[in-house]
Amino acid sequence: MDFQLNRFVFERVLNEDLATHSVALLGTLRPPSSETSYAQGNTAIVRIERTALPSFTDGLIATAKLVGNTDIYAWMVGWLSHSENKPDVKINVICPATEVHIRKYSKQQIHIVRETPALYERIVRPYIDAFPASRTQWIEEIVSGRSEAENILFRSPPEADPFGFLILPDMKWDLANIASLYLVALMVLPNIKNLRDLNRSHLPLLRSIRREAANIVKKRWCLEATELRLFVHYQPSYYHFHVHIVNANHTGLLGMTVGQAHILDDIISLLELDDPTGPSIFQRMTLSYGLGEQHGLFSTMKAAQAEFQESEESS
Ligand code: M7G
């Protein structure tokens with residue numbers, strides 16, 4: 001095929017995939033000269049995909065603009081060359097980064113582990129309790145109004161306590177592109193640490209997060225409630241209850257992996273069906289999820305998996 005990109009006449013976007021940074025365009029190919037024409041038609045599809053960034057980016061970013069910052073975290077957009085166009089990259093900076101951050105962002109193999117309620121009590125709860133308060137200082141900064149105050153989209157009234165929450169843009173979002181809209185609902189108080197702590201008494205809170213998230217995106221960005229994917233991570237990075245609120249079409253994100261992301265609607269439904277008298281379903285069930293080899297829970301949880309193999313072999 002004789003093809004030069006400058007002969008492509010754009011007609012419409014067929015698809016845009018934010019996860020692979022690719023776009024598929026439909027158009028036509030102008031013939032090289034007025035005399036020639038294409039016997040079999042000139043409809044053309046052009047798919048453009050961003051190539052991998054060089055591993056050493058020093059000097060690569062020509063300009064960067066701060067989007068937001070809280071505590072040790074800052075996020076910005078950047079341009080690879082000096083231009084007025086949309087930014088080329090999104091940049092996150094953590095400084096000073098802790099050992100936990102370094103491990104989280106290092107390349108690693110994932111293993112699926114099963115966490116029974118007994119393993120939660122023996123291994124996971126002590127792990128969570130050992131985190132210093134500084135780990136969630138950024139949440140304290142936001143809740144107290146010292147950071148990101150201008151970005152708060154919803155704050156529940158004081159009478160909502162102890163189940164008050166606020167909704168604001170997540171630092172994963174560039175605040176510009178609705179296709180990648182990403183908000184987070186953060187509990188005001190640190191009394192719910194994770195999925196395992198949820199019980200039927202939290203149903204009004206969870207329904208209220210679902211309702212307010214839908215109200216906000218409708219009012220601000222004209223998105224329907226059905227265009228949102230609300231989910232909770234287990235294991236999360238931060239043990240202070242929060243809900244991820246993401247454009248339903250923004251798929252393929254790492255944090256949406258099966259096992260890690262629990263859709264809020266299912267959590268609500270499980271609690272609605274739960275036995276109101278005993279311990280909650282999330283205290284009784286075995287939860288399975290992927291753990292990277294660098295995760296602080298990895299060695300103990302991996303060693304504990306041998307117990308399952310033994311009981312399966314004997315049954
Ligand atoms: P998570 O499930 O604990 O961990 O979610 P993850 O980072 O592995 O997804 C915490 C969520 O809070 C994530 O979506 C973060 O991007 C977001 N987040 C983290 N920090 C430190 C900030 C922050 O300082 N500001 C805002 N707005 N969001 C944050």
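In strand 12, the residue that bridges to Leu 186 is His 242. That pair belongs to the contact between strand 10 and strand 12, which run antiparallel and share five bridges. A word on terms: two strands pair if DSSP finds at least two bridges between them, while strands (E, at least two residues) and helices (H or I, at least four) are DSSP runs numbered from the N terminus. What you are looking at is a predicted model, in which local features need pLDDT of at least 70 and side-chain atom pairs count only at pLDDT 80 or more, while totals for chains, interfaces and linings use all residues. Residues are numbered from 1 along each chain as its sequence is written.

Six strands make up an open sheet, in the order 8-9-10-12-11-13, with antiparallel pairing. Strand 8 (154-155) and strand 13 are the edge strands, each pairing on one side only.

Strand 11 (residues 228-233) pairs with strand 12 (residues 242-247) in the antiparallel sense over four bridges, and Leu 230 has Ile 245 as its bridge partner in strand 12. Strand 11 also runs antiparallel to strand 13 (residues 261-263), joined by three bridges; here Val 232 stands opposite His 262. Buried here stands for 20 or more other C-beta atoms within 10 Å of the residue's own, exposed for 12 or fewer, and partly exposed for anything in between, with C-beta atoms placed from the backbone.

His 233 leads us to the ligand. There are 17 residues around the ligand, and those that come nearest are Thr 70, Met 171, His 233, Pro 236 and Ser 237. Strand 9 (165-169) and strand 12 are the elements that give two or more residues to this shell. A residue is near a molecule or strand if its C-beta atom, placed from the backbone, lies within 6 Å of it. By class, the shell has eight nonpolar, six polar and three charged residues. Nonpolar covers Ala, Val, Leu, Ile, Met, Phe, Trp, Tyr, Cys and Pro, charged covers Asp, Glu, Lys and Arg, and the others, Gly among them, are polar.

Gly 68 lies in strand 4 (residues 63-70) and is partly exposed, because 19 other C-beta atoms lie within 10 Å. Leaving aside neighbours within four places in sequence, Gly 68 is in contact with Trp 75, Glu 148, Asn 151 and Met 171, where contact requires C-beta atoms, placed from the backbone, within 7 Å. Asn 191 sits in the loop between strand 10 (182-187) and helix 4 (203-221). Asn 191 is exposed, because it has 11 other C-beta atoms within 10 Å.

Finally, the whole protein. The protein has eight helices and 14 strands, and is divided into domain 1 (5-49), domain 2 (54-96) and domain 3 (98-309), with bounds from an automatic or database domain assignment. The centres of domain 1 and domain 3, taken over C-alpha atoms, are 42 Å apart. The average pLDDT, the predictor's confidence in each residue from 0 to 100, is 90, and 96% of the residues score at least 70.

Methods:
Two residues are in contact if their C-beta atoms, placed from the backbone, lie within 7 Å.
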